[in-house]
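Thank you all for coming. I would like to walk through one structure this morning, going from the chains to their contact and then to the cores.

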Amino acid sequence: MTIDIAIILTPFIMAALIPIFYRRLRKNMIGWVVLIIPVSLFLLLTTYIPRVAKGEVYSHTYEWIPSFNLNFTTYIDGLSLIFSLLITGVGSLVILYSIFYLSVKESLHHFYCYLLLFMGAMLGVVFSDNLMVLYAFWELTSVSSFLLIAFWHHRKASRAGARKSMTITVSGGVAMLVGFLMLYAMSGTFSIREIINNIDVISGHVLFIPALLLVLFGAFTKSAQFPFHIWLPDAMEAPTPVSSYLHSATMVKAGIYLVARFTPIFGGEMVWFWTITGVGLITLFWGSFNAVRQVDLKAILAYSTVSQLGLIMSLLGLGSVAVYLGYSTETVMYTQATFAALFHLINHSTFKGALFMMVGIVDHEIGTRDIRRLGGLMAILPFTFTIAIIGCFSMAGLPPFNGFLSKEMFFTAVLNITELNIFSIHNIGLLIPIVAWVASVFTFVYCLIIVSKTFLGSMKPDIVEKNPHEAPFGMLLPPFILIGLVITIFFFPNLLGEYILKPAMLSVYPTFPSAEEMTPHISAWHRINTELLMTLGVVVLGIILYRFLKYWSKIYRLFPKQWTLNAIYEKVITSSENISESITKRYMSGHLTHYFVYIYVSFVAIVAGTFIALDAFEWNPTNDAVIENYELILVFVMIFAAVAILFAKSRITTVLLNGVLGYSVAFFFVIFRAPDLALTQLVVESVTTALYLICFKFLAELKPERSTKRVKISNGLISVFVGATVTLIGLTVVNYDKFKSISSYFEDSYNLAGGKNIVNTILGDFRAFDTMLEVVVLFIAGLGVFALIKLKAKKGDVDIEN
Amino acid sequence: MKINDVILRTVVKGVIFIILTLGVYLFFSGHNAPGGGFIGGLVLGSGLVLLYITYDLETVHKKMPFDFKKVAGLGVLLATGSAIGSIFFDAPFLSQTDTYFTFPILGEKHLTTVTVFEAGVALTVIGTLVTIILSISEDE
């Protein structure tokens, strides 16, 4: 048990403990107790900063299922440290904020439980080196996000938003899993670092490009890239602290993490460059363009998050050319794009987190987030106004805030790339910087909208009546810490660059010799250059566009309603539901006989089919033991009972005859010296009979079956085939030699597993995984029966299913 | 109509001890001889079902006020917990260990961590079995 695994596990342990202890606490105390976890993890992680800055990495492997190459390998390097600091740091602030934001009437224990679950899952994503473990944590973040979006599950919009985000991110996740399996097929390892070391072996493989695209699909859905961004605005139904944490600062950055992590593997490909840069730029433009038309403050922020994620994504795409070009003194300048991406990632988390908290305060104190109903709040919410103006100006890229620095670096990167003459970049030429610049103009416009429509102008009469007041100190503190960072980073950017970004650059470019060269000196003032002129242009054009907003906003009406991405998504979902319903209705007839036919026909087709195809049927009676008379008697008893069931007139007779069959099988187990099986069979048979007796009063009388001759014949044939298959396989397995026999394990069970009863060493040791999961399945089945019977609607009750 | 089941009740009073003892015996003997968590749990569970069938729900419940869903839940927790437990000793997931101890009265005994796992299996089987049968029989 090492410290790195403990970091991942602590949130999960705390999440498991909350349901136990929350009743003993006063409701407003739960948040404070939970707050201990992220704060202490954050402090613990900060101790890694100086060591990681020296270039050290920490890795620890814990063997989980070594036989399948599944190891729980944690890996702390510069890249994962950035993300883990964001997860725990923003996490602490968000929990502090939630304590004051959420009313004690909410089911707070659920909220904090899900939040911790998310925190643990996210830490797992960034610290895992094993692809399968990473994938499991990845999906867990989707699940916890689903639970948090649907936190107010009595609202229809919350449920719909949760479902949408789940559908999109999980389908991306599954695609990513396929990509991971392809990587495993090519490299034979699940470890990311080992794949990076063997990159020459796999880069020429046929599956390389498909794996690349599938991994990107996962990253794009998670990071809300065009056209998968549509889930993010709907996810805003979540409580605002959740939006601030998951849907702006951490979870949506998981895709960016994945792209950065996989750059050493895929970075040299043209497809990688163009897909990421192209999708990133489109997302950047589309997000900012759409943010301008929104009227809900949270929706503006959601689209702005989409747009900023696109910006970071496109920077990572631009930075990947350095991997293609390889190391030389000229190519180092292209790594600056990646540096800018990581820098902006941190900056975005600071200002966007603060802005979401600002919107939360407005919503909490005023009761609405609709900018058409807001205005003039500067007088009553002065502190909140400060947060808004600093956050928005940083987002718009103005000095003296950190957004200015990273936006300048972004402009530098898009200008640099136009000079390259690879991947046919010259064909597109100036388009990359132009798109980037236009998107920045729109960013400036929506920043102005947020500030002026909410805080400037005159107050609406209904707000004045409510007599609102400034938020409590606890709600103001977290955003103030964040905007404090916004300003601090502007004045001391190189501290961040030196200690946090530099080691991360080495993780993205492991083949480059020194991190020093890849860490540019960030300064606010260069001289008057193209970047600065671009910023000035953004400001001037932005103000003009804002002034004349109502004249040009008509262009948004040009887009036909039925062709929006949301409408297409809805269409796909409803039509797939309808199609699957009609297919399912066709075979789910409600007749047990039909279901048995499906089961048996597929059983015979698959099992007997395989045996025939492999020509594996083999019967060699020479080694068989002599058949004793009493065995024959038992066989005839069973045959008699089985045939008699067919002709039984009442249910009790069938139950008893079935019992005869069961007990005779137990006899066989005794004869063939399998006492464990015999015991189990006897007890199971008795319990089944008891169950039958209990169920009797619910069962209808046996009625003679009325079916056509054809059905009867085909059913008869199916049963004969099933019987024949089972018998033939039983006779064949004795001589089957296609697989290596595993009996050596069982013969040596005492040395291998410490037990002499081989049945139990199989259950408890050799196949303990199966047993463990079977126990869980059994438990779930029991709960299912209980729920079906106890929780069904009583007669006359309203059907509450929806 | 009241069914006269004096014979059943009298027999069960004696037999139930034998069944429950057998269940416990099977549970512990499972390591080197026939038995084990699953069978032990099944026998104990069926003994309980027999009690419920012979006497009515209230009578049994008064003497054994367990919520069998929680028993099953505890079982799952034990089984998965013993699997996770090996993490803390830097051994692969689900590793089990065993050793010999000499006790004052009982003499030398073979102790293994697999017993915890098996106890989890047994409790889950008992809990689920009784839960299913009780909920079906309580249904109106």
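Predicted model: local features only at pLDDT ≥ 70, side-chain atom pairs only at ≥ 80, totals over all residues.

How many helices and how many strands are there in chain B? Chain B has five helices and two strands, and, read along the sequence, these elements follow the pattern α-α-α-α-β-β-α.

Staying with chain B for a moment, 36% of its 140 residues are buried, and of the contacts between residues at least 6 apart in sequence, 65% join residues at least 24 apart. The UniProt record, which is an unreviewed entry, lists "transmembrane region" for residues 7-28, 34-53, 74-94 and 114-136 of chain B. For residues 7-28 of chain B the model gives 100% helix and 0% strand, with the end C-alpha atoms 32 Å apart, while for residues 34-53 of chain B it gives 85% helix and 0% strand, with the end C-alpha atoms 28 Å apart.

Let me turn to chain A. Chain A contains 37 helices and two strands, and its C-alpha trace spans about 105 × 65 × 55 Å along the principal axes. Of the 802 residues in chain A, 42% are buried, and among its contacts between residues at least 6 apart in sequence, 78% link residues at least 24 apart. The domain assignment divides chain A into domain 1 (1-199), domain 2 (267-577) and domain 3 (593-739), and the C-alpha centres of domain 1 and domain 3 of chain A are 49 Å apart.

For residues 637-699 of chain A the record gives "domain: MrpA C-terminal/MbhD", and here the span is 84% helix and 0% strand, with its end C-alpha atoms 28 Å apart.

Now the strands of chain A. Strand 1 and strand 2 of chain A pair in the antiparallel sense over seven bridges, and A:Y58 stands opposite A:I76, which belongs to strand 2. Four residues lie between the two strands of this hairpin, where A:N69 takes a positive phi near 70°. Strand 2 of chain A, residues 70-76, is mostly covered, with six of its seven residues buried.

Where do the two chains meet? In this model 42 residues of chain A are in contact with 47 residues of chain B. On the chain A side, strand 1 (58-65), helix 32 (675-695), helix 36 (758-766) and helix 37 (768-790) each supply at least two residues, and helix 37 of chain A gives the most, with 15 residues. The residues on this side of chain A divide into 28 nonpolar, nine polar and five charged.

Which residues touch the most other members of the largest nonpolar core? In that core of 203 residues they are A:L116, A:L148 and A:L315. Helix 17 of chain A, residues 335-366, contributes the largest share, 18 residues, and the core draws at least three residues from each of domain 1 (1-199) and domain 2 (267-577) of chain A. Leaving aside neighbours within four places in sequence, A:L116 is in contact with A:P11, A:M14, A:A15, A:V34 and A:I37. There is also a second, separate core, of 39 residues, which includes A:F779, B:F117, B:I132 and B:I133.

Why does A:I95 count as buried? The reason is that 25 other C-beta atoms lie within 10 Å of A:I95, and the cut-off for a buried residue is 20 or more. Not counting residues up to four places away in sequence, A:I95 touches A:G31, A:V34, A:L35, A:P38 and A:L115. A:I95 and A:P241 are 146 residues apart in sequence, yet their C-alpha atoms are 7.7 Å apart in space.

Definitions and conventions: Residues numbered from 1 in each chain as written. Chains lettered and ligands numbered in written order. Contact = placed C-beta atoms within 7 Å. Nonpolar A, V, L, I, M, F, W, Y, C, P; charged D, E, K, R; others polar. Domains from an automatic or database assignment. Buried ≥ 20, exposed ≤ 12 C-beta atoms within 10 Å, placed from the backbone. Pairing = 2+ DSSP bridges. UniProt positions renumbered as here; feature names shortened; annotations may be inferred. Core = buried A, V, L, I, M, F, W, Y, C linked by C-beta atoms within 7 Å.
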